[in-house]
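Me: Please take a close look at one part of this model for me. I would like to understand the place where the two chains meet, and what lies around it.

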There are 2 protein chains.
Amino acid sequence: MPAAVETLLYEFLDEQIHQASDLPELALFAHLLRDMIAAGGKRIRPVLCVVGWQAVSDREPPPAVWRVAASLELFHLFALIHDDIMDASETRRGEPTAHRRLAARHPGRDDAPTLGINAAILLGDLALGWSYELLHIASPDPTGLHLNRAWPLLNALRTETLVGQYLDLVSAGPVSAAPPDTVAARRAIRYKTAKYTCERPLQLGAHLGGAGPHLLAALSSYALPLGEAFQLRDDLLGVFGAPERTGKSVLDDFREGKNTVLAATAYQRATPAQARVLRDGLGNRSLTPAEASQMRQVLTDTGAHTAVETLISQRHEQALAALDHAVMRPEAAAALRAMAAAVVTRTT
Amino acid sequence: MPAAVETLLYEFLDEQIHQASDLPELALFAHLLRDMIAAGGKRIRPVLCVVGWQAVSDREPPPAVWRVAASLELFHLFALIHDDIMDASETRRGEPTAHRRLAARHPGRDDAPTLGINAAILLGDLALGWSYELLHIASPDPTGLHLNRAWPLLNALRTETLVGQYLDLVSAGPVSAAPPDTVAARRAIRYKTAKYTCERPLQLGAHLGGAGPHLLAALSSYALPLGEAFQLRDDLLGVFGAPERTGKSVLDDFREGKNTVLAATAYQRATPAQARVLRDGLGNRSLTPAEASQMRQVLTDTGAHTAVETLISQRHEQALAALDHAVMRPEAAAALRAMAAAVVTRTT
C-alpha cells in the first residue's frame, strides 16, 4: 500500500521539475523531498486514509483516495522539515535534517547554518503548497468522487497540527521557563498527534467513501486513544530508543526540553536530588551523553517510564474497545486492530 | 476595491476563530493576521487580479474573482511573515514584525526571541494554508465560474515566489560570502517580484475572465518590466526612503547584505575606498545609522542611485509600450497605466 503512495509522490515531484526546467533551484528542492521519502517513514497517515475508505466500501480505493493519501504524506514532510528547524534537530530518518543538508551546500560561508535554516523554511513551504497542488492536478476521478469533499477535513487537520505544534513549542524549554506539566503535554498530544496522525487521516478516507456521522464518530473513538498511545511510545523511543532504528538522536528531546508526559510525570514524583538532575538536563542544549544517561535513570527510578507504559496499554485497550462497538467492514476492523498492535509495540 | 478584499479577509478570519472555539491559540494567530492587514499594505496583487478580469469582461467581477484576490493577499501575508524571519527584520508596516510580537508574549523567558521566530514560522504556515482554504469554502459561484481554473497559475506563482526568495537568500550576506552581482539580482527580481507581484495576479484575473493566450502574453509584457520597476523602487526606498512612510527600517537591507541591483551597481563602479565602505557595511548586523549614511553617500557618489532611477524609467516605458500593442478593454488599459505611474513614483 505505501508503494502506491510513494510512486504517486515521485511522479508528482518529477513532473514539477519537468514543468519548471528553467528553475534548477526547484530541482534541488524536489530532490531533497524525494530523498526524505526514500529515507524511510512509516506512512501511517496514508495507510489510515486508505483503511478509512475500506471501512465503508468493498470497492478498490479510487484514484482520488490515493491522491489524498499521498497529499497527507507530502504535508507530513512539510511538518517534519519545519519541526526539525524549531527543535534544532540534527538527524531525521537516519540522515542529516533538511536544514543541515541545505547548510552543507555552502561550506565556505560563515552564515551557512542560518542560510540552511532559511532555505529549509522555504522547502517546507513548498511541500505544504504542493500537498494541495497534488489534489488539484488530478484529472476528474472516473468514479465521480470530488476531491473538494476532502477540503473541510484537510483544513481541520492543518489547523490542529499547527496549533498542536505551537502548544509543544510554548511548553518546551528549561524547567525555569516552562515547568513540566502533564495537562499541557496531553493537550499538545491531542492536537499534534492524536488528531493529526490518526483521527483525521482515517476520517478523510471514510468520508470520501461516504461514511455517516456514526461511523466518523466511532473512528474518532478508536483513533484518538491510539494517537495518544502513538505519541507516548514516541516519547519513550525519543529517550530510550535505539537511534539506529528510530533515525533520531536520543538527546534531542532532552536538549529541546520537550514537555512530555514522561518528563512531567518524573518531575512530579522526583526527590529533590532527582528533580535537580531533571532541571539541569531539560532544555540544556549542550547536554552530554553521560548526563542523558543520568536523566534516563531518573525517568526509570521515579516510575515514570513504567507509568507511561501503563498509559500506553490503557489507550490501546480503549482503541480496541471502540472498534468492538463500531459498525464497519470486518476487514477494515481487522486492519485497524493490527495497526493498533503495531503502533504500541513499535521500536522505530 | 481594496475594501472589498479586506472585508472578505476579516470575515474569513472571524469564521476560522468561530469554528475552532476550543482553540484559543488559533484566535491569537487569527488576530495577528487581522492586525497585519489593518496596519497597511498596498494590496497591489488583489487590485491587479481584479483589473485582469476587467481587461476581458465588462461585467462586475463575480465572487470567485474577489475570492482569488483575497487569497493572493493572504498568501502575501504568509510571504511577509517568513521573509521577515529570514531577513531578521524588526518592523513591517510600521509595527513590530510577527516574530517580534510573538516573542513579546513571553517577556520572562530567555528563549523568547527563538520562541517568537518558531511561532511566526507556524503563523506563516497557517496563512499559507488558509490562502487555499479561502478558495474552497466558497459556495459555488452563481456565474458558474470554477475556482479550480485558478489553480495552475496559483501553483506557478507559489513556486516562483519561493524560488525567488531562495535566490535572494543565497545572494545576500557579507561581500566576502556573497559578492554583489547584478545578474543574480535581476534573476531574483524576476521570480520574487515581477512574476509574483505583477504578472501572475494580473493573469489570474484575466484567465478567470476567459482571456486567450495573446492577451495573457500581452499582460505579461506589461507586468514583467513593471514588476522590475516596482522592485528597483523598493530597493531605493529600502535605503533612501522615509521609514515613517514605508513602515520599514532603512538599515535592514544593508544589515542583511541584500544583493540589490543598486548595491551591485555601486560595487562595480566603486573606487577602492568606496568599495571598502560597501564591504564593511553589507551584511554587517550591527551597522550603525552613521555608517549607513556613509553607505548611502557611496550609492549616490558612484552614480548607482541615478542609474537605478534610469532603469526604473526605462522599465516604466516598456510596460506602457506593451499596453499600446495589447487588445483589451480601454478602461482596464487606463487603470494599468495609472497603476504603472503609481508604482514607479511611490514613496511608501
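Reply: Start with the word contact: two residues are in contact if their C-beta atoms, placed from the backbone, lie within 7 Å. By that rule, chain B gives 35 residues to the contact and chain A gives 35 residues.

A word on the source. This is a predicted model, in which local features need pLDDT of at least 70 and side-chain atom pairs count only at pLDDT 80 or more, while totals for chains, interfaces and linings use all residues. Residues are numbered from 1 along each chain as its sequence is written, and chains are lettered from A and ligands numbered from 1 in the order in which they are written.

Now the side of chain B that touches chain A. The elements giving it two or more residues are H2 (24-38), H4 (63-86), H6 (112-136) and H7 (151-171) of chain B, each a helix. Helices (H or I, at least four residues) and strands (E, at least two) are DSSP runs, numbered from the N terminus. H6(B) supplies the largest share, 12 residues. By class, this side has 19 nonpolar, 9 polar and 7 charged residues. Here Ala, Val, Leu, Ile, Met, Phe, Trp, Tyr, Cys and Pro count as nonpolar, Asp, Glu, Lys and Arg as charged, and the others, Gly among them, as polar.

How do the two chains relate? The same surface serves both copies, as 100% of the contact residues of chain B recur in chain A.

From H4(B), the contact uses Ala64(B), Val65(B), Val68(B) and Leu72(B); from H8(B), it uses Pro201(B), Leu204(B), Gly205(B) and Leu208(B). These residues divide into 7 nonpolar, 1 polar and no charged.
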